[in-house]
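Here are my notes on the model, in numbered points. Please read them alongside the coordinates.

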Protein chains: 4
Amino acid sequence: MTFDEGLLSPLTVGHDQEVTDAAALDALVSAEVALVRALARLGIAPPETGDEVSSALGWRAGAHVDVDVDVAALAESAASGGNAVIPLVSMIKAQVPEAYRRWVHRGVTSQDILDTALMLVARRATIEIDGTLCEVGMALADFASRHRDEVAAARTLTQHAVPTTVGARAAGWLRSVLAARRRLSDVSEHLPVQLGGAGGTLASFVEIAGTEHARALPAAYAAELGLATPDAPWHTDRRPVTELGDALVQVLDALGKMASDVATLARTEIGELSEGAGGGSSAMPQKQNPVAAVLIRSAALRAPQLGATLHLASTLASDERPDGAWHAEWPTLRELLRLALGASASASGMIEGLRVDHNAVKRNLAATRGLIISERLSLVLGDRIGPERLATLVDAVRAGGDLAELVRALPESAGEDIDALVDPVGYTGLAGVFVDAARRRALDHEEPE
Amino acid sequence: MTFDEGLLSPLTVGHDQEVTDAAALDALVSAEVALVRALARLGIAPPETGDEVSSALGWRAGAHVDVDVDVAALAESAASGGNAVIPLVSMIKAQVPEAYRRWVHRGVTSQDILDTALMLVARRATIEIDGTLCEVGMALADFASRHRDEVAAARTLTQHAVPTTVGARAAGWLRSVLAARRRLSDVSEHLPVQLGGAGGTLASFVEIAGTEHARALPAAYAAELGLATPDAPWHTDRRPVTELGDALVQVLDALGKMASDVATLARTEIGELSEGAGGGSSAMPQKQNPVAAVLIRSAALRAPQLGATLHLASTLASDERPDGAWHAEWPTLRELLRLALGASASASGMIEGLRVDHNAVKRNLAATRGLIISERLSLVLGDRIGPERLATLVDAVRAGGDLAELVRALPESAGEDIDALVDPVGYTGLAGVFVDAARRRALDHEEPE
Amino acid sequence: MTFDEGLLSPLTVGHDQEVTDAAALDALVSAEVALVRALARLGIAPPETGDEVSSALGWRAGAHVDVDVDVAALAESAASGGNAVIPLVSMIKAQVPEAYRRWVHRGVTSQDILDTALMLVARRATIEIDGTLCEVGMALADFASRHRDEVAAARTLTQHAVPTTVGARAAGWLRSVLAARRRLSDVSEHLPVQLGGAGGTLASFVEIAGTEHARALPAAYAAELGLATPDAPWHTDRRPVTELGDALVQVLDALGKMASDVATLARTEIGELSEGAGGGSSAMPQKQNPVAAVLIRSAALRAPQLGATLHLASTLASDERPDGAWHAEWPTLRELLRLALGASASASGMIEGLRVDHNAVKRNLAATRGLIISERLSLVLGDRIGPERLATLVDAVRAGGDLAELVRALPESAGEDIDALVDPVGYTGLAGVFVDAARRRALDHEEPE
Amino acid sequence: MTFDEGLLSPLTVGHDQEVTDAAALDALVSAEVALVRALARLGIAPPETGDEVSSALGWRAGAHVDVDVDVAALAESAASGGNAVIPLVSMIKAQVPEAYRRWVHRGVTSQDILDTALMLVARRATIEIDGTLCEVGMALADFASRHRDEVAAARTLTQHAVPTTVGARAAGWLRSVLAARRRLSDVSEHLPVQLGGAGGTLASFVEIAGTEHARALPAAYAAELGLATPDAPWHTDRRPVTELGDALVQVLDALGKMASDVATLARTEIGELSEGAGGGSSAMPQKQNPVAAVLIRSAALRAPQLGATLHLASTLASDERPDGAWHAEWPTLRELLRLALGASASASGMIEGLRVDHNAVKRNLAATRGLIISERLSLVLGDRIGPERLATLVDAVRAGGDLAELVRALPESAGEDIDALVDPVGYTGLAGVFVDAARRRALDHEEPE
């Protein structure tokens, strides 16, 4: 039975190795092994226990776990207890030599393992996303620099407004991507292990090993997994999940806004941008669809609601462990990670292949017959000629008049360099400054954090 | 690569055969075959074409398609065009004899096939859900009848309010389930095929076969698949999807409310209900968790946001085909179907095994020392003794006084049958009437529609 | 203190008299009065009680309540009990002659009154929305008919695909509006009163008036208010709210999709549509913004999440009355009503003033140098010349070649009427059929239901 | 007409002076005045301009604006241009002496003013929220300390699990509140002004005052308002809004989780907590509803979907200014601020008045007849007696046996201090440690940041 192989998820297929069920299983087993290793390292379990259990379960530092567990069978047996950890513990205990078996899953609750495993999955996925966003940032910095001074129409409420530059628009995308990357990176570095025992008090570990060992255990556990040590168990304080969710949604916001702009600017009538590898159609041989933009956008449209589910689960994390809210988080968080992996990978390719049609940019800039600089006219001449005469001038241009000539004909414009005044090139403000600043910031970020 | 085998979806594993990727592939191929069959049936294609293509692609009426397509490979090749239909057409054309190949996917666009396939998946899944909800309804009707007159505390804003009955509470669950089932059934019966061609005008079919044939084709297509004929193509009028989504969310609302009540009433301190097969714990041998309720609740908490995504995709279904909004629908709709399949199956088992602890019901009913009938006292005696003396009476009971004795001591209660007055059994209003009515309605629904 | 006068809600100001706090207060008082009238009508209260209380509280059939209650003061006193009914009852009782005072709010709970009042508000608002949607439908039917045969580019994934007509596009909007109106109308006609008493059993009314009277009371209550009689109390079965919410979201989906299309087609480069009264800019004298479309769209983007909140409140309607979920419904439902009122009013004006720029439509249709009919070429010539030669032809046109000449030069096109073949006018399929059908359906709906 | 006076918002009425329409108007005028002052300060406008305009519009540092603008009339006139700034500029210009009038709204676009005003509203509101959360934190630290060692049942999946303490539970609430406060505070301190001009390039200011002045202007503008200087205009990079939204949702998550726990623990059967001022009922004299908890919870259930709308608006912030997405932000962000103001104020009162019923805590702790320490038995005796005998022991207790006696009867428990072993007081792990740590952190935060 093929539960889901990605048939309905073209954006993410091939980019989500870090979050598949195989990866989740790897993380679950790693979480169990790491606990045993931490117990051994602290001298709570016999010193050889960590290596014996690691070896029995196919765990080696820096490698994927090589354990004999059938994911589909495990999934099916998860229903009766409500999560996969309960049957997994039986399965893996059977593979551990009897002498060490008692140390497997000792003192923990299934939420400790599942939360830790999801944080491990998230850590691996966010490192991958960060690297890809670094590529997106570099590609955008390069794109923005190359088009730093290419004057184009700025559009507000769908209408041409004033001039901007192709580079300034890309600098805006870049700022958003850098900020999203920074936030995700902050969150990623602080993804904590979960370790609280049945009621979040670590009473089991105090019982087994005494108070001092119990206090030291979370950090030892975290060290084994390369995760952070939490202040306290977070069974019902779901900040690690919601903060990660918020950061992932922000990544998808940034990519989605960029993709929306690409799709708009690729419209047949606008034609300023095109994807290097546009998608074909099953029916129309002439089409070149902005497929990457469309798929990225589809992910960005789903992300906010997935993030909302995580927040709801946080509010509803009742008692000392939630009665359903926690279970709602798992597929939701995984889907957000998957979308961010797919969208960032797709964005990287999209930006690297993005082509600007200079003629279209110029043609569009001229579409209002020069009126795109009417704000400037208003600033320069407005006080002299008043709003009514300015409106008359605008109407005359709309009716076919030549803007430069009409301005030149005004007594009040005497002494002005009319050609310069009506040239959009001279009215791009700080566009270049913003490009340079964004590019500099991207270069400062160059190394994946 | 295990994209997803359900490891994080314990509620749905084993209940979702109708919506797996294998089922989606089956539906996609069925949609392609049905179009060819419809073209042949109308005499547009040569008469034998339908059977030849059916046979080549392993399609037989009433059976699953037996075609040689690797789902994972298909999923990977879907990215470049943005959906799986484009590569699928190449794959299946290669399996059709050359003489008939030109009729495969003739005149349609990929959205025609994908929308139709999702409606087919939805049709099959909603029939399954309807059958399971019928079982839930029967089980609830039986449960409500058996507990028709078992008086229990009604709780409002978490506090004991007045008496109700165990049966009346279940009758409320039943009304919601029946209403949700009715709505889902209405929607299910009208799930339409999609057939519009590239721009939603069926111009290709007019070209191929003339206006009359083009007008007749959608109904012929629908007949092949057991789906409904739409008024017009709905490429950007996404009502079939949002109405289905709304109905599925309503199903999950009904099941989620019931599950929330079960979880609450199963609390250790309340203990009025327990699941026949409570889930164990990995750490605490004494626990009997209401696992079914918890998992159903987790699905219900996710459903509204999934439904919201479908509505957003509907609003954003731009132009003659959407630029990303459509793509956001697929996994979202499938997940809603999957959750409804899992939650209804789980609810059926939960209700069939639900046990009432009569002692707990009685103990709780008495928890306010009789004050649960204070509204009745207010109605019967309020006018005679006024609100202040009533409040004094209530305080006296709270302080340990005996309600019946205190009432009896009031001169104004002379002539009243005090024991009857303070007995919660006599203050359940129309509880029994509601049970009987809901049960009758469930029986009227007995046959899956 | 101005809590909210609509400063941040330009879409709705002036269109929402039915849902303001004044209207809500009117409905709350009406709900209280109607209950007294129903009690009197059934002979439970003395016969004159209904009129005495009506008169004391300024209630007359068909008019707004004229009662002396300060809304702001009432709002402030609502916090301590959690809703406004509790203090309202005190306020209005003080205005009722003592002889009849005991019949005010007798036997009910505050949720009975608040739910009923919100349904009354909803009933009035949905009748208004329905009337406005009728106008939108008529305007769209007229618009679609006038542009029935105006050939235009259909766009899919942002790219020109095949021809369609201006009218066919509008017919699509119309179908969505009619369907949304039908659904809203269905829901509106069945909006029920709430009447369950403290625990949803009507025990108080059985106590006061006996079982038969208690059974008859909901219908008598509903009759006073022009609302429907529910099957049973729905304190925790929130279908009336979620079904209304879903219907309102669907209205906003339909209007939002239309507004998105108008905004897109009004883009400077596309220019096919403009609003009759475009909005000005504070900075740029040349701008004509599609303000109505933009504001309608803003409402449609908010609606799905508001609808999701209602569904969540439905799932979380715990016990016999919810512990917070119910309270979350009130402002959410009111906002959905408000948005639907504002968006439908704005849409009515927008469509009535909508202008088509025929030149822009033609210019855009020709933008691909004729390749917009390439699907037709593929159907007509594809089998004869094969996909490679077709691709070569497409490339030649893109490079500047004349489509008709290039087709004519093909030996395989001998005998075809090339001018007709490449004319988009001949490739609009059933566009006209869809316009006629949608128009007919709109006319059938003409009378507000 | 009363648009909204808070009748349906009992949680927020009286706590939202910082976000009313009057406050928004104040902020809009302040934003206009501040721009003029900044222009004057930089020497772009004549030096006296700032004070003249300030005086004309009733602006004084640190006070509320005293300007003659009718909010309701302004709201109504906002529809035609899509926002309130356009008509406001006309209204206030008329109040400014003609000599200085040209400096009002010079060079800016309406989004500059509206975004800045909303950030100013947000700044004021978040400072208020922060102060209230500080009180909540202090009250929680005190509560947790007072109940540091009061042993209580920890509940997981609704069932008693192991012991915890009343203080440890409160420490968990406190950690969440402190973290939410820290995040909100971070965001609050960086709320930026908006200043980009029509297309986000500041071209107007370069035109008016030259590049260097244009570069300096945002910081000068920010200084006038006590807001932060952005890297660049953020017309379509909506991070300031989404990050604020996320932080507010997190505040409501933290308060909502706490309120959910209070509501649960106040249930009649549990009775461990009660609000000092429980709400009455309109029908049932005995009721003491946890009204604050219920209202806080209602806000928390709405917040995630409001946050999702902000993220959607961010993704859909198209072009150089959004076509509807921006307009969807205003009421959504304001509502989130309002809910956070109301919920924090309500939480402060709730925690200060929160009462613990020690007898109920003890009674509940004993509800499983001692089995709440069965995990400990499993750890201590599990290896010696094996899981089957442990299960037998648990069953014997469930059947009425005495836990201590049954354990004592086991040969394997010889030498154990059985009374200590089965005493829940000895099995609270690090509960006290967590209380002390959280309290210390709260004290470190004492001063509002």
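1. Between chain D and chain A the count is 10 salt bridges, a salt bridge being a side-chain nitrogen of Lys or Arg within 4 Å of a carboxyl oxygen of Asp or Glu. One of them joins the side chains of D:Asp383 and A:Arg102, at 2.4 Å from N to O. On the side of chain D that touches chain A, helix α10 of chain D (residues 239–265) gives the largest share, 13 residues.

2. This is a predicted model: local features need pLDDT of at least 70, side-chain atom pairs count only at pLDDT 80 or more, and totals for chains, interfaces and linings use all residues. Residues are numbered from 1 along each chain as its sequence is written, and side-chain values use heavy atoms, with hydrogens and water left out.

3. Chain D and chain A each bring 81 residues to the contact (heavy atoms within 4.5 Å). About 6,600 Å² is buried between chain D and chain A, 55% of it from carbon and sulfur atoms; this is the accessible area (1.4 Å probe) lost on being put together, summed over both parts.

4. In chain B, helix α2 (residues 49–56; helices are DSSP runs of H or I, at least four residues) has B:Thr49, B:Gly50, B:Val53 and B:Ser54 buried, that is, under 20% relative accessible area with a 1.4 Å probe, protein chains only. These residues lie on the same side of α2(B) because they cover an arc of only 125° around the axis, taken from the directions from the helix axis to the C-beta atoms.

5. B:Asp51 and B:Ser55, on the other side of α2(B), are exposed (over 50%). The buried residues of α2(B) pack against α1 (21–41) and α5 (98–101) of chain B.

Key. Chains are lettered from A and ligands numbered from 1 in the order in which they are written. Helices (H or I, at least four residues) and strands (E, at least two) are DSSP runs, numbered from the N terminus. Buried area is the accessible area (1.4 Å probe) that two parts lose on being put together, summed over both.
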